Amino acid sequence: MISDEHQGHAGPTGGTSPLAVPGGPSPVNAYDGFAEAYTAENETNLINAYYERPAMLALAGDVAGRRILDAGCGSGPLSAALRDRGAIVSGFDASAGMVELARQRLGDGADLQVADLGSRLPYLDDTFDDVVASLVLHYLEDWGPALAELRRVLKPGGRLIASVDHPFSINLMHRHAGREAEYDYFDTTNWIEEWTMGGQTAVISLWHRPLHAMVEAFTDAGFRITVISEPEPDPAARELFPEAIAAKPRFLCFLFFVLETD
């Protein structure tokens, strides 16, 4: 981790506050209300722009000519990077505001839709060579329906490339806050963060699950794990964030998987 505060999907560099509400109801993650602030924060910060996205692109490798679905595409930075590398990209997100920002980035002709991960997706079977799921699975309590849908739309031999909150970093966060009794590492638990970006505050619901539960969910859905990665930041981060990288050149933040279908 970069600090004692968890750095979440949006990658806020300040103003995050974990709230202890074990077993409480999960609020709606209302990204429409702060989509522009979220996008601005996500665009150039350390953990998203110079850690998570470069890691996802490195795991994807040569994508020229490959049909790729960006599941939970947000405002489209990963979609744009994949398209720049020659991929044919489609994307969806639950937030209409995020999809609109992605459309502004990618153009009106981009194949972008509003859809919920875990529900039936608006794509035919065996459509995509790859699916990228960038920091989206940890919003879900039950990964089963989402993974089943992603496997359905993948071609045989297709890949799911996913990043999630690193379960050990979440456990450390709760331990540092004295909440280890409520949030045992081995349990699947809901936790809440309050993110403040651009003067806007949003309450975000996330789910911690231990590594073995992640592996079981992937294999139960019919995926074969080919890579588990805990990467270094992009080399450019050393110049752009010298103090942070000098203090922690390697840190636990996200965990990355490459999964393949049969």
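Hi everyone. Let's start inside the protein, with its largest cavity, which is lined by His 138, Trp 143, Val 164, Asp 165, Pro 167, Ile 170, Trp 191, Trp 207, His 208, Arg 209 and Met 214. Please keep in mind that this is a predicted model.

How many cavities of 30 Å³ or more are there? The count is 1. The volume of the largest cavity is about 50 Å³. Sorted by class, its lining has 7 nonpolar, 2 polar and 2 charged residues. At least two lining residues come from each of these elements: strand E6 (154-165), helix H6 (167-176) and strand E8 (200-208).

Let's follow helix H6 for a moment. Its buried residues are Pro 167, Ser 169, Ile 170, Asn 171, Met 173 and His 174. Just after H6 comes Gly 178, with a positive phi of about 75°.

Now to strand E8, and to Ala 202, which lies in it. Is Ala 202 buried or exposed? Its relative accessible area is 10%, and the cut-off for buried is under 20%, so Ala 202 counts as buried. Who are its partners, leaving aside neighbours within four places in sequence? Ala 202 is in contact with Phe 34, Glu 193, Glu 194 and Trp 195.

Strand E7 (residues 189-197) is our next stop, and Thr 189 lies in it. Thr 189 is buried too, with a relative accessible area of 11%. Not counting residues up to four places away in sequence, Thr 189 touches Glu 182, Tyr 183, Leu 206, Trp 207 and His 208.

Time for the largest pocket. Its volume is about 610 Å³. It is lined by 31 residues, and the closest to its centre are Tyr 31, Asp 93, Ala 94, Val 136 and Tyr 139. Which elements give two or more residues to this lining? They are helix H1 (35-44), H2, H3, strand E3 (88-93) and helix H4 (96-106). H2 provides the largest share, with 3 residues. By class, the pocket lining has 16 nonpolar, 9 polar and 6 charged residues.

H2 and H3 deserve a look of their own. Two packed helices are described by the angle and the distance between their axes. Here, helix H2 (residues 46-60) and helix H3 (residues 77-84) have axes that come within 11 Å and cross at roughly 40°. The crossing is right-handed. On the H2 side, the residues that meet H3 are Arg 53, Met 56, Leu 57 and Ala 60. On the H3 side, they are Pro 77, Leu 78, Ala 81 and Leu 82. This contact has 7 nonpolar, no polar and 1 charged residues.

Finally, let's zoom out. The protein has 9 helices and 10 strands. Of its 262 residues, 53% are buried. And among contacts between residues at least 6 apart in sequence, 71% join residues at least 24 apart.

How values were computed:
Residues are numbered from 1 along each chain as its sequence is written. This is a predicted model: local features need pLDDT of at least 70, side-chain atom pairs count only at pLDDT 80 or more; totals for chains, interfaces and linings use all residues. Side-chain values use heavy atoms; hydrogens and water are left out. On a 1 Å grid over the protein atoms alone, a cavity is a set of points where a 1.4 Å probe fits but cannot get out, and a pocket is an open set with protein on both sides within 12 Å along at least five of seven lines; lining residues have an atom within 4 Å of a point. Grid points are joined across faces, edges and corners, and a volume is the space filled by probe spheres set on the points. Helices (H or I, at least four residues) and strands (E, at least two) are DSSP runs, numbered from the N terminus. Ala, Val, Leu, Ile, Met, Phe, Trp, Tyr, Cys and Pro count as nonpolar, Asp, Glu, Lys and Arg as charged, and the others, Gly among them, as polar. Axes are lines fitted to C-alpha atoms, for helices over the stretch in contact, and angles run from 0 to 180 degrees between N-to-C directions. A crossing is left-handed if the near helix is turned anticlockwise from the far one by less than a right angle, and right-handed if clockwise. Contact means heavy atoms within 4.5 Å. Buried means under 20% relative accessible area, exposed over 50%, partly exposed in between (1.4 Å probe, protein chains only).
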